[in-house]
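What follows is a walk through one protein model, from its overall layout to individual residues. Please keep the sequence and the structure open while reading.

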Amino acid sequence: MMNPYDVLGVSKDASDDEIKRAYRQLSKRYHPDANIDNPDMERAKEMFETVQEAYGMIMKEKQMASYDSSFRNEDPQDIQMAISLIKAMRFREALSILNESPVRNGRWYYLAAVANAGIGNNVTAAQYAGEAVRLEPSNAEYRRFLEQIDDANTWYNNMGSYYTQTNVSPTACLGTICLANLFCGSFGRFFCIPC
């Protein structure tokens, strides 16, 4: 397994600016457009992909370290485990842990809402998010998530009623398909990973 810091030629203690500078320099050097006339173009392409992968690994590692530092010390171990599973997008496992937890506070309902949304149970997610907001009405993170779920459900319901119309023109169908693609492409941004 490659060491991403070695690939970029920086130490593990390097600053974000040093890492970005090294990444940009190597990306520029090995970019396929910069190596069109290079007889070893395939090697340059491989190096470019390796540099991209190494930088992605470092950024993910830094993001995880930042996220891990945001664990609440007062969270019970099962809640911390559920957060880790949600972060890893292992929503069903997170729900299993949550369902065994004796805690049923706003944070529990919020995490259960996120996990349910992750597996497509949007109705249950909306109910749990609503309960999280009811229990902790001043928590902006819970309110924002509930609004996102409600917006997604409203959009879905509106599209469902649109498709039940019998006289839909091909142009209208194409527009709806484009909107659906846009929505599906950006839907992942609606949901915040809990911290």
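Helices here are DSSP runs of H or I with at least four residues, and strands are runs of E with at least two, numbered from the N terminus. With that in hand, the order of elements along the protein chain reads α-α-α-α-α-α-α-α-α from the N terminus on. The count is nine helices and zero strands. The model is a predicted one. Of the 195 residues in the protein chain, 35% are buried. Among contacts in the protein chain with a separation of 6 or more, 53% join residues 24 or more positions apart.

How do the helices pack? Two packed helices are described by the angle between their axes and the distance between the axes. From α4, the contact takes in Asp 78, Ile 79, Met 81, Ala 82, Leu 85 and Ile 86. From α5 come Phe 91, Glu 93, Ala 94, Ile 97 and Leu 98. By class, the contact of α4 with α5 holds nine nonpolar residues, two charged and no polar ones.

Between α4 and α5 lies a loop, and Met 89 is found in that loop. Met 89 counts as exposed because its relative accessibility is 60%, and the cut-off for exposed is over 50%.

Within α4, several residues are buried: Ile 79, Ala 82, Ile 83, Leu 85, Ile 86 and Lys 87. An α-helix has 3.6 residues a turn, so residues three or four places apart point the same way. Ile 79, Ile 83 and Ile 86 of α4 meet another helix, α6, where their partners are Arg 107, Trp 108, Leu 111, Val 114 and Ala 115. The contact of α4 with α6 is made up of seven nonpolar residues, one charged and no polar ones. The axes of α4 and α6 are 11 Å apart, and the packing angle is about 25°. Angles under 35 degrees count as roughly parallel, and α4 and α6 are therefore roughly parallel to each other. Their crossing is left-handed.

Arg 107, one of the α6 residues that meet α4, deserves a separate look. Is Arg 107 buried or exposed? Arg 107 counts as buried because its relative accessibility is 3%, and the cut-off for buried is under 20%. Arg 107 and Glu 136 are 29 residues apart along the chain, and their C-alpha atoms are separated by 8.5 Å.

Helix α6 (residues 106-118) also packs with α7 (residues 122-135): the axes come within 8 Å and cross at roughly 160°. That angle makes α6 roughly antiparallel to α7. The crossing of α6 and α7 is left-handed. On the α6 side, the contact is made by Gly 106, Trp 108, Tyr 109, Tyr 110, Ala 112, Ala 113, Asn 116 and Ala 117. On the α7 side, it is made by Asn 122, Thr 124, Ala 125, Tyr 128, Ala 129, Glu 131, Ala 132 and Leu 135. The contact of α6 with α7 divides by class into 11 nonpolar, four polar and one charged residues.

Gln 25 sits in helix α2 (residues 16-30). Gln 25 is exposed, with a relative accessible area of 52%.

Notes. Residues numbered from 1 in each chain as written. Predicted model: local features only at pLDDT ≥ 70, side-chain atom pairs only at ≥ 80, totals over all residues. Heavy atoms only, no water. Axes fitted to C-alpha atoms, helices over the stretch in contact; angles between N-to-C directions. Parallel < 35°, antiparallel > 145°, perpendicular 65-115°, else oblique. Left-handed = near helix turned anticlockwise from the far one by under 90°. Contact = heavy atoms within 4.5 Å. Nonpolar A, V, L, I, M, F, W, Y, C, P; charged D, E, K, R; others polar. Buried < 20%, exposed > 50% of the residue type's maximum accessible area, 1.4 Å probe, protein only.
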